[in-house]
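My entries follow in the order in which I looked.

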Amino acid sequence: MDWNWTWNNLCKVAEDYKIHLKSTMVLWEPLDSNQWKINTDGSFSANTGKAGIGGVVRKRNGQMIMAFSAPVHFLTNNYSEVQAALFAILWCCDHNCQELILELETLLVVNMILGKYNTPWRLKEAVTLIQQKVQQHGIKIKHCYREGNEVADGLAKHAATLAQQTIFLNETEMPAEARNAMTMDRRQIPNFRIRPKKHSGWIFDPP
């Protein structure tokens, strides 16, 4: 780039600049043997100022065991994510669920649970309890893309409209958005994650 370009040159470059997008196909991953998978999420509505958490527990073939939506007091996005994970893990441990995998879309929270990142004091108690349950029950922690977490996302959004927590034991009782996402997961219909391609710097061709 020539720093002696005129303002008109710079405007022309800005007008002609094209963002290159990368598309990645994302699928909910079926499980092996008798494993059960937990997907959880948190949600906040800026319009209403309300927050919620949601999640789903499924067998290896995608069959729902339990799903939940629960309104929570909003502090931070990570707080909601941690509360959602804790809710699901405690329910599974209380019901003697075995061979659990917990998938979260927030990599920061995943790394806090794995002990790779320091945990803020507001999340310390909940994260420590999750870590204890993970160790006691051999729960595996994994990161997933948001596009592979659509069921939990729909349940968390629904929670922000509720006055009290709701546990779903039948798929037909779930809100439509989550139910539709569940069907897509079970049929292995993909979502697509579209992001701008990363580049090492600005490269301009003279106009």
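**Leu90.** I began with contacts, taking contact as heavy atoms within 4.5 Å, and found that Leu90 touches Leu129 and Lys133 when residues up to four places away in sequence are not counted. Leu90 is found in helix H2, where helices (H or I, at least four residues) and strands (E, at least two) are DSSP runs numbered from the N terminus.

**Basis of the entries.** I keep in mind that this is a predicted model, in which local features need pLDDT of at least 70 and side-chain atom pairs count only at pLDDT 80 or more, while totals for chains, interfaces and linings use all residues. Residues are numbered from 1 along each chain as its sequence is written, and side-chain values use heavy atoms, with hydrogens and water left out.

**Helix H4.** I turned next to H4 (residues 121-137), whose 17 residues reach 25 Å from first C-alpha to last, close to the 24 Å expected at 1.5 Å a residue (the expected span being 1.5 Å times one less than the number of residues). H4 has a kink of about 25° centred on Val127, the bend being the angle between axes fitted to the seven residues ending at a residue and the seven starting there. Leu123, Ala126, Val127, Ile130 and Val134 of H4 are buried, and their cover includes helix H2 (77-94), helix H3 (107-113) and strand E6 (140-143). Just after H4, I found Gly138 with a positive phi of about 65°.

**Salt bridges.** Which charge pairs did I look up? I counted a side-chain nitrogen of Lys or Arg within 4 Å of a carboxyl oxygen of Asp or Glu as a salt bridge, and the structure holds 10 of them. Arg58 pairs with Asp185, with the closest N and O atoms 3.0 Å apart; Arg58 lies in strand E3 (residues 50-58) and Asp185 in helix H6 (residues 176-186), so this pair ties together parts that are 127 residues apart in sequence. Both Arg58 and Asp185 are buried.

Glu147 and Arg195 meet in another salt bridge, at 3.7 Å from N to O, which links Glu147 in the loop between E6 and helix H5 (150-159) with Arg195 in strand E8, 48 residues apart. Glu147 counts as buried at 12% relative accessibility, whereas Arg195 counts as partly exposed at 36%. I also recorded a network of salt bridges that links Glu29, Lys37, Glu103 and Lys142.

**Nonpolar patch.** Last, I looked at the surface, where Tyr17, Ile19, Leu21, Met25, Leu27, Phe192 and Ile194 form a nonpolar patch with about 700 Å² of accessible area together. The elements that give two or more residues to this patch are strand E1 (21-26) and strand E8 (191-196). Patches are made of residues with over 30% relative accessible area and no salt bridge, like charges being joined within 9 Å and nonpolar side chains (Val, Leu, Ile, Met, Phe, Trp, Tyr) within 5 Å; areas come from the Shrake-Rupley method with a 1.4 Å probe, and for residues only the protein chains shown count as cover. Ile19 lies in the loop between helix H1 (7-16) and E1, and Ile19 is exposed, with a relative accessible area of 58%.

Technical notes. Buried < 20%, exposed > 50% of the residue type's maximum accessible area, 1.4 Å probe, protein only.
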